[in-house]
Amino acid sequence: MKAGDPLKLGYFELLSPDPVQVPSAGGVKSPTLREISSLGYSTYRHYLAVLSLDLDAYLSMTGTAELYALLSEEEKAKMTLFDLLLSSQPSRELIRNMLDFFMEGTVTFSESGHSFLVCGGSGQTGRITRENYLAVCDLIGQLNYLKPRRSEDLSKVKSKKALEIMKKLQKGRAEKEKLAKADQNMELGNIISAVANRSHSLHILNIWDLTIYQLWDCFARLSGNNLYNIQSMSVAAWGDKNHSFDASAWFKKIETENS
């Protein structure tokens, strides 16, 4: 992975309980439900929100958008989200705690290197900098079944008219997300209960050893198989006159935002 470039994980890597080794950054893991429970669900949700931050969201949240607009293009180019997050001790410690939870090993902040060091039993295993921070966040998001929400990079848009249109689209999407109500049926605790009571092998005692990605994948498979069972019973009873029943549907790849 080049500095700053997103890394698209394969289905096998997403399902695996082993950390994904990222050159220069270290190992990134999908936490188990037990680890999330020990951390605290509200803290976990807060970490996911931080992972989804982009520069516009940060400026809006901190009320510094107007000050940022006064900067020259050269000054803006030198300022990244990573730099802003590290500009105060509280937000810097928040990022360190978040990375420490999702990375394999222990994460510490290097004042001199203006970066986070990832260390394991054999010493330093990685380093998270302004160049690879967003790529690491994207990778963590994939492993946590998180839908990408970071806005497009507008710095490469040359047309002023196209830039205005894209900014309006971003603003519209942001306002729509604020108005959208969370589906209580998709709340993590409810999903854990539903999978544990529907699966033939998982139950409320052993489900905590699943990674968060594995849980959401199990839920998606169970949902698809329920529909498949209904369709197969209907075909068995009434036939398939339109030849619309797909007997192989039960093992077809799940198409999601994270696939």
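A search of the whole structure, a predicted model, turns up 10 aromatic pairs. Start with Tyr 145 and Tyr 213. Their ring centres lie 4.9 Å apart and their planes stand at 55°, so this pair is tilted. The two residues come from distant parts of the chain, 68 residues apart. Tyr 145 sits in the loop between helix 9 (133-143) and helix 10 (160-179). Tyr 213 belongs to helix 12 (residues 212-238). Both Tyr 145 and Tyr 213 are buried.

Tyr 145 has another partner, Trp 216. Here the ring centres are 6.1 Å apart and the planes are at 20°, so the pair is stacked. The cut-off explains the label: planes under 30 degrees apart count as stacked. Trp 216 lies in helix 12 while Tyr 145 is in the loop between helix 9 and helix 10, so the pair ties together parts that are 71 residues apart in sequence. How buried are these two rings? Tyr 145 has a relative accessible area of 19%. Trp 216 has 15% relative accessibility. Buried means under 20%, so both residues qualify.

Elsewhere, ring pairs join Tyr 44, Tyr 47, Phe 101 and Phe 102 into a cluster.

Now turn to charge. Side chains of opposite charge can pair when their charged atoms come close. The whole structure holds six salt bridges. Three of them are described here, among them the bridge between Glu 74 and Lys 78, at 3.7 Å from N to O. Both residues lie in helix 6 (residues 73-78). They are four residues apart, about one turn of the helix. Glu 74 is exposed, at 56% relative accessibility. Lys 78 is exposed too, with a relative accessible area of 57%.

Next come Arg 130 and Asp 83, whose side chains meet in a salt bridge of 2.6 Å, N to O. This pair links distant parts of the chain, 47 residues apart. Arg 130 is in the loop between strand 5 (123-128) and helix 9, and Asp 83 is in helix 7 (residues 81-85). Arg 130 is partly exposed, at 33% relative accessible area. Asp 83 counts as buried, at 17% relative accessibility.

Arg 96 and Glu 93 form a salt bridge as well, with their closest N and O atoms 3.2 Å apart. What separates them along the helix? They are three residues apart in helix 8 (residues 89-102), so about one helical turn lies between them. Arg 96 is buried, with a relative accessible area of 18%. Glu 93 is partly exposed, at 30%.

Conventions:
Residues numbered from 1 in each chain as written. Predicted model: local features only at pLDDT ≥ 70, side-chain atom pairs only at ≥ 80, totals over all residues. Heavy atoms only, no water. Phe/Tyr/Trp six-rings, centres within 6.5 Å; stacked < 30°, edge-to-face > 60°. Buried < 20%, exposed > 50% of the residue type's maximum accessible area, 1.4 Å probe, protein only. Salt bridge = Lys/Arg side-chain N within 4 Å of Asp/Glu carboxyl O.
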